[in-house]
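Biologist: I am new to this structure and would like to go through it with you. Could you show it first?
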Amino acid sequence: MTSALEAIGLRKRFGTLQAANDVTLSVDAGEIRGLIGPNGAGKTTLVNLLTGVYAPDSGEVKLGGRTISGLAMHEIARRGLVRSFQVTRLFGNQTVRENLMTAFYARRPANVDGEAAAERMIRLTTLGPLADTQAKKLSGGQRALLQMGCGFMVPGSCYVLDEPFAGINPVIKETILEMIVAVNREQGAAFLVVSHEMAIIRQLCPQVTVMMEGRVAAQGTLDEVARLPAVIAGYLGKALE
Amino acid sequence: MSASFRRSAAAIALAAVLLALVPLVTGSFVVHVLTIALYYVILAASWNLLAGYTGQFSLAHHAFAAIGAYTSGLMGYHLGVSPWIGIPCGVVLSAICGLILGRLVLKMRAIYLAIATWAFAETFHIYLTADYKFTRGELGLSVKSLYGTTNPVPYYYTFIVLAVLVLLGLRLLIDSPIGYFMRAIKDDELRAKSLGIDTTRVKIAVFAISSAIAGLAGGFYGHYVVLLSPQMIDFSEMAKIVVMVVIGGFGTFLGPIVGAAPVQVVMTYLQSYGEWNLAVFALIVIVLMRFSMEGLASLFTPLWKRVWHLK
């Protein structure tokens, strides 16, 4: 099985904090892998290392078998590694439609009608009535939906989603979940999903990676890792129901 | 051509036709004031592209106009080169300087970028004054007039054509993918990068384009006023451009167009009050800002939407 995304021995230090300590992790092609762990475990740091926001102190990142370490953020994105941010980032002064079009133009694929793609995405995200509303006027859930829609405007080979379900209502959660599953099935795209929502992780991710204190603490199915004493003590607090 | 471009083009064409009729009914002083106002429309619109759309609050825009003006002026003065060759050279040099300055301030944000660009402008200002043997400094560089006459009417029409071309070009650029990228960078540069936008290239390109436009306006301005002085890079010139755009509507297409002309006209007529000019002007700015933070352009928005039956 080839890896869609691979981190090999990534290290990153901020002052005295070893935020990523020899992190090795692989997301197979077509896989949806969960990434869980306590706050401050280094999950977002890992996402930032994978997507080129930070350069690792050492280690390597490979996308589809080819190294992407050292590439600029936009070059990594153009190679098909798409991310979402934990605190939703949108272009506040652009409308919903313009946000989608910006995402489209940014990685403009050949022979695709951007406006039709935006129209389809507006339907899919159920943001139709707000299509010409500025993103800064949207609610938290709508922002999360739009950010996800922007990510899916141009097909990528691998998506890294940093807490896509945090602080949003069940209906929108369901919509985002469906979008992820659809893109995974239809395009065979791989996903690495950071989340604290164990119910969703169990439903979505056959395999999870647990990070604690900057290291990969465990890997396996959610039920396997949830039985480990270290994971219960350091993250879950009690065994999963 | 997008619908947005056609709408803007129709409005610009209408405005140009109305302006073209002015010399038939007024004297040459009014035509002169409007010619200068059109010069500022071009400067304000091109600075708005950089600051209002892309978020790079440069304070060197007046310097690029001066680079355009002095390049052509000096080539004419020292080498006898025709303005029709000198002006394009000025545009190219402005673009190159814009490219370099844009590269230098790439990582700087807000106030740091403003200070660095202002320092660039001041450096150039000092050079023009200091190297007086070459630039004629405060004595002033006399420049050939473009049409061999001081009658403002032909220059007035030239500036109408220039303003129309520049505004149409800017409209095309703003509606293009690059325009989306510019606004994206202003809102959130990290997100723009994460989507795959080469923000470095876009920012430098916009810097070069807006500088080239300033150089173009400056070049023609020089061959109209026929006497250049380092006064062109006085900070009050830059402040004027900022005030024009802010009053008109920062980051809106219409803003610099409706802001520049009234400000220039009012400033011209306030000149007879000497030092009071600025004080009166500051008062007008405060009153306008108090009642319309979004600028004069927002007053036109409802009308614009009704005319074109927009939502």
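Biologist: At roughly what angle do the axes of helix H3 of chain A and H8(B) cross?
Modeller: The axes of helix H3 (residues 96–106) of chain A and H8(B) cross at roughly 110° and come within 9 Å. Helices (H or I, at least four residues) and strands (E, at least two) are DSSP runs, numbered from the N terminus. Axes are lines fitted to C-alpha atoms, for helices over the stretch in contact, with angles from 0 to 180 degrees between N-to-C directions. H3(A) is therefore roughly perpendicular to H8(B); angles of 65 to 115 degrees count as roughly perpendicular, under 35 as roughly parallel, over 145 as roughly antiparallel and the rest as oblique. This is a predicted model: local features need pLDDT of at least 70, side-chain atom pairs count only at pLDDT 80 or more, and totals for chains, interfaces and linings use all residues. Residues are numbered from 1 along each chain as its sequence is written, while chains are lettered from A and ligands numbered from 1 in the order in which they are written.
Biologist: Which residues meet there?
Modeller: Glu98(A), Met101(A), Thr102(A) and Tyr105(A) in H3(A) meet Pro177(B), Tyr180(B), Phe181(B) and Ala184(B) in H8(B). Residues are in contact if their C-beta atoms, placed from the backbone, lie within 7 Å.
Biologist: And how many residues of each chain are in contact overall?
Modeller: There are 17 residues of chain B in contact with 20 residues of chain A. On the side of chain B that touches chain A, H8(B) gives the most, with 6 residues.
Biologist: Changing topic, which helices of chain B come within 7 Å and cross at roughly 120°?
Modeller: Those are helix H11 (residues 235–248) and helix H12 (residues 255–270) of chain B. H11(B) and H12(B) are therefore oblique to each other. Among the residues that meet are Val243(B) and Ile247(B) in H11(B), and Ile257(B) and Val263(B) in H12(B).
Biologist: Where is Tyr147(B) placed?
Modeller: Tyr147(B) lies in the loop between strand E1 (141–142) and helix H7 (152–175) of chain B. The C-alpha atoms of Tyr147(B) and His223(B) are separated by 8.5 Å, although these residues are 76 residues apart along the chain.
Biologist: Why does Tyr147(B) count as partly exposed?
Modeller: Because Tyr147(B) has 14 C-beta neighbours inside 10 Å. A residue is buried with 20 or more other C-beta atoms within 10 Å of its own, exposed with 12 or fewer, and partly exposed in between.
Biologist: Finally, what is Leu43(B) in contact with, beyond its neighbours within four places in sequence?
Modeller: Leu43(B) is then in contact with His61(B), Ala65(B), Ala214(B), Ala217(B) and Ile241(B).

Technical notes
Two residues are in contact if their C-beta atoms, placed from the backbone, lie within 7 Å.
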